[in-house]
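Please keep the structure open while reading.

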Amino acid sequence: SGGSGRTRSPSRAKPRALAMGRCRDGCGVCCKLLVYVTWIMICEYMALWSRFIEVDWKCEHPPLGGNQSGIRVLVAGLAKTGTRTMSRSLHQIGLDHSYHSEEFGYYVWGNLADKFWLSRNGGSWSKLPIPGSIYNMQDQDKQVLLGTRPEELAAAISSCRVDALAFDGIEQLFSPVYKISPGAKVLLMNWRTFEQWQKSLTTFVPELLFEIWFMGLLGGSLQALPYHAVLHRVFDWLQAGRLKTALTTGGPPICQVFEGTVAHFHAATNTRRIASRWFSDLGEFPMWKEWYDEFQQRVKDAVPKEDLFEWDMKRNTFEDLCAFLGVEPCPKSGKMHRARNNFIFQRDFPYTFALSLPVALTAHWLNWKLLGLLLSVLPRCRGAPRQKSD
């Protein structure tokens, strides 16, 4: 009663201590979450475990020889001109190995690029370039193209027996591929004006970037550690070697048939085999009308009129396509059904996605526990209690 200092009421100190404890716990969870997201993103976009995930299987059909790719139809079009719809439509009328740029990366270019870089770095997998991405735009695929002889490119393509190829995102490959595809028919997707195309692309790009980010986070749980190295081999064993069959025969196209171990291997390798192609200087992204028109004109100048069809998605039909390609009888009729452009594998193949989701979520749970265990043994993260001084 005689002291002038005030004593803190226990009833007030306790809630304050609880609030501070909750604050510390919340900050700890946020920091842990930041570390976790950074961990899986680094593993995903740098392909840290790719050496354990990749397989040596590649297309084994005998090359056609004579600088021939064997491709029957080339779809010359920029992104957002209907290339995915056309690729699917060609598959529907009987061109079984109708490739979009995704299949081309999955079955052909990924192996070709690895072979190129390994031959130049002494066979060291650790010295392979980091895959191209929104965070790492570079020109590694342009170097592969310039360093690959036409007969090598023709052999790689013909070994997969590619029937058709759409160059969405890899448009600079059109000319070298056309030169090794004698007699190929060309569908020029120039039905949109530059202004219409630019508007469509401007809408699409943010959606694509969100998809890359979201699926990178969701599926990245399996990239944090070399889970895929075990899982896709187990799944392939359970499915009697279906993955090996697909990779050695070049089909079916993953945008048309997506299931089982083939889908799982796609999840494991899509960053380095597929998405990397779009950020490695093989694409055409015109910034002005003259550039856009120049791309279309280069195709017209290179292809004889009898082998060229300037396709209009609003006007032309399956019957027009079959007549141009000599497919009789035409198995489809009328206008083409528009293919999806975002979250295509999740929306077109929901059953496959539903089966893969629990695996990805389980990996997230396991990674979170492992990260917590790691942080708990680090003194600075554990926060050892201070010793009271006398």
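How many aromatic pairs does the count come to by the ring rule?

## Basis of the model

This is a predicted model, in which local features need pLDDT of at least 70 and side-chain atom pairs count only at pLDDT 80 or more, while totals for chains, interfaces and linings use all residues. Residues are numbered from 1 along each chain as its sequence is written, and side-chain values use heavy atoms, with hydrogens and water left out.

## Aromatic pairs

The count comes to 24 aromatic pairs, where rings of Phe, Tyr and Trp (its six-membered ring) pair if their centres lie within 6.5 Å, and planes under 30 degrees apart count as stacked, over 60 as edge-to-face and the rest as tilted. The rings of Tyr36 and Trp368 have planes at 85° and centres 5.9 Å apart, so this pair is edge-to-face. Because Tyr36 lies in helix 1 (residues 10-46) and Trp368 in helix 15 (residues 350-376), the pair ties together parts that are 332 residues apart in sequence; helices (H or I, at least four residues) and strands (E, at least two) are DSSP runs numbered from the N terminus.

Tyr36 is buried, with a relative accessible area of 5%, whereas Trp368 is partly exposed at 26%; buried means under 20% relative accessible area, exposed over 50% and partly exposed in between, with a 1.4 Å probe and protein chains only. Elsewhere, Tyr99, Tyr106, Tyr107 and Phe265 form one aromatic cluster. The charged end of Arg51 sits over the ring of Trp125, 4.8 Å from its centre, the criterion being that NZ of Lys or CZ of Arg is within 6 Å of the ring centre and within 35 degrees of the ring normal.

## The sheet and its helices

The protein chain has 16 helices and five strands. The five strands form an open sheet in the order 2-3-1-4-5 with parallel pairing, two strands being paired if DSSP finds at least two bridges between them. Strand 2 (98-99) and strand 5 (308-310) each have a single partner strand and stand at the edges, so one side of each is left without a neighbour in the sheet.

Strand 1 (residues 73-76) and strand 4 (residues 185-188) are joined in the parallel sense over four bridges, and Val186 in strand 4 is the bridge partner of Leu74. Helix 13 (residues 318-325) packs on the sheet, touching strand 1, strand 4 and strand 5, and its direction makes about 150° with that of strand 4; axes are lines fitted to C-alpha atoms, for helices over the stretch in contact, and angles run from 0 to 180 degrees between N-to-C directions.

## Nonpolar cores

The largest nonpolar core has 53 residues, of which Leu74 and Trp109 touch the most other members; such a core is a set of buried Ala, Val, Leu, Ile, Met, Phe, Trp, Tyr and Cys residues joined through side-chain atoms within 4.5 Å. Helix 4 (residues 101-120) gives the largest share of this core, nine residues. Apart from this core lies another, of 21 residues, among them Val75, Ala166, Met189 and Phe324.

Leaving aside residues up to four places away in sequence, Leu74 touches residues including Leu165, Phe167, Phe174 and Val186, contact meaning heavy atoms within 4.5 Å.

## Burial and a covered helix

Of the 390 residues of the protein chain, 48% count as buried. Helix 3 (residues 83-92) is mostly covered, with seven of its 10 residues buried, among them Arg84, Met86 and Leu90. Gly94, whose phi is positive, near 115°, follows helix 3.
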